[in-house]
Amino acid sequence: PFDVLVVGGGPAGASAAIYAARKGIRTGIVAERFGGQILDTAAIENFISVNRTEGPKLAASLEEHVKDYKIDVMNLVRAKRLEKKDLIEIELENGAVLKSKSVILSTGARWRNIGVPGEAEFRNKGVAYCPHCDGPLFEGKDVAVVGGGNSGVEAAIDLAGIVNHVTVLEFNDELKADSVLQERLHSLPNVKVITNAQTKEITGTDNVNGITYIERESGEEKHIELAGVFVQIGLVPNTDWLGDSVERNKFGEILVDKRGATNVPGVFAAGDCTDSPFKQIIISMGAGATASLGAFDYLVRN
Ligand code: FAD
């Protein structure tokens, strides 16, 4: 059996595996797609000490760093079941069952897409999902935020301090964000909120140049010229496969303590799949290190 089996090969998983391997214990990683979300990222400017890099380049560095150690990397395989017996069992979609004394879950998350024309085409060319990451790229420009929940309204407040103007498009007839956030939003001079707006298309040539929406009450089609669209309609953790085996919150995020431990002894978790309030590369890597040290401590004591 493994001492530490990491499920997920993004920044959190790579970090967890390296920390485990450096203890000289038997370490493996199972990943559906080694690299994770950063494979879909263009510019990264907030990975501290690296002024600017690109997602695929950072993913290649992760892989290289992992290969420096004796880590059994199983790429392009998906875990489908976790069961705690004497050891912890991870069943893969190909039918194999891996056994380990401890497991670190780092299966990440995915942004919910609107699913309209232009969204996929202009990804990283004006369509963005992370205001902390991509906000500064739109300095002085006009942008829209699609989604009027807490994350959408927080994004709009954040962006209003950087960009020229923000339009918030909400499908329902009112914003769903906490009232304190809404008050803050409404106090800003360069923000406009449009409710009852169904996004129809993100337009552009090389880059985004506008957004088309349907005014749901009148059925009329409207177009706004802008340079960027931030999609904020939810971040979904990749944790459905866990069922009831590990405690999760109502969003599906795995609950962890300060050592990355879940409610199941020997099972740890890190990164975007957990209830960590902020989802960033640098945070995921730190959480991976924490979970790995937590798992090592668990192994020493059991
Ligand atoms: P992920 O990167 O999501 O990795 C999850 C891993 O688990 C993957 O290997 C996946 O294939 C695997 N997996 C999932 N399910 C299973 C399963 N059942 N079995 C086996 N493996 C599985 N953050 C920044 O800090 N700066 C940025 O500039 C930035 N830009 C971003 C731009 C975009 C377009 C996106 C989408 C995200 C961006 N982020 C950025 C966020 C950042 O990418 C994430 O916070 C980070 O990747 C989370 O790392 P993670 O390891 O927790 O999860």
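Helix axes here are lines fitted to C-alpha atoms over the stretch in contact, and angles run from 0 to 180 degrees between N-to-C directions. Helices (H or I, at least four residues) and strands (E, at least two) are DSSP runs, numbered from the N terminus. This is a predicted model: local features need pLDDT of at least 70, side-chain atom pairs count only at pLDDT 80 or more, and totals for chains, interfaces and linings use all residues. Residues are numbered from 1 along each chain as its sequence is written.

**Helix pair H1 and H6**

The axes of H1 and H6 come within 7 Å and cross at roughly 35°. The crossing is right-handed, that is, the near helix is turned clockwise from the far one by less than a right angle. Contact means C-beta atoms, placed from the backbone, within 7 Å. On the H1 side, the contact residues include Pro-11, Ala-16 and Tyr-19. On the H6 side, they include Ile-281, Leu-293 and Phe-296. The residues of this contact divide into 13 nonpolar, 5 polar and no charged. Ala, Val, Leu, Ile, Met, Phe, Trp, Tyr, Cys and Pro count as nonpolar, Asp, Glu, Lys and Arg as charged, and the others, Gly among them, as polar.

**Ligand shell**

The shell around the ligand holds 38 residues, and Gly-8, Gly-10, Gly-36, Gly-108 and Gly-271 come nearest. H1, strand S2 (27–31), S9 and H6 (281–301) each supply at least two shell residues. By class, the shell has 17 nonpolar, 15 polar and 6 charged residues.

**Cores**

A residue is buried if 20 or more other C-beta atoms lie within 10 Å of its own, exposed if 12 or fewer, and partly exposed in between. A nonpolar core is a set of buried Ala, Val, Leu, Ile, Met, Phe, Trp, Tyr and Cys residues joined through C-beta atoms within 7 Å. The largest has 45 residues. Leu-5, Ala-16, Ile-90 and Val-103 are among those with the most contacts inside it. H1 (residues 11–21) gives the largest share of this core, 8 residues. Apart from it lies another core, of 34 residues, among them Tyr-129, Ala-160, Leu-169 and Ala-197.

Leu-5 touches Gly-28, Val-30, Ile-90, Leu-98, Ser-100 and Val-103, not counting residues up to four places away in sequence. In H4 (residues 150–160), the buried residues include Val-153, Ile-157 and Leu-159. Their cover includes helix H3 (131–134), strand S11 (142–146) and helix H5 (179–186).

Phe-268 sits in strand S19 (residues 267–269). It is buried, with 31 other C-beta atoms within 10 Å. Leaving aside neighbours within four places in sequence, Phe-268 contacts Ile-104, Thr-262, Ala-291 and Ala-295, among others. The C-alpha atoms of Phe-268 and Ser-292 are separated by 7.9 Å, at 24 residues apart along the chain.

**Loops and positive phi**

Most residues other than glycine have a negative phi.

| Residue | Phi | Loop |
|---|---|---|
| Asn-124 | about 65° | between S9 (109–111) and S10 (127–128) |

Ser-49 is exposed, with 5 other C-beta atoms within 10 Å. Asn-124 is partly exposed, with 16. Ala-96 lies in the loop between S7 (88–92) and S8 (97–105). With 11 C-beta neighbours inside 10 Å, Ala-96 counts as exposed. Ala-96 and Asn-209 are 48 Å apart, C-alpha to C-alpha, and 113 residues apart in sequence.

Definitions and conventions:
Contact = placed C-beta atoms within 7 Å. Near = placed C-beta within 6 Å.
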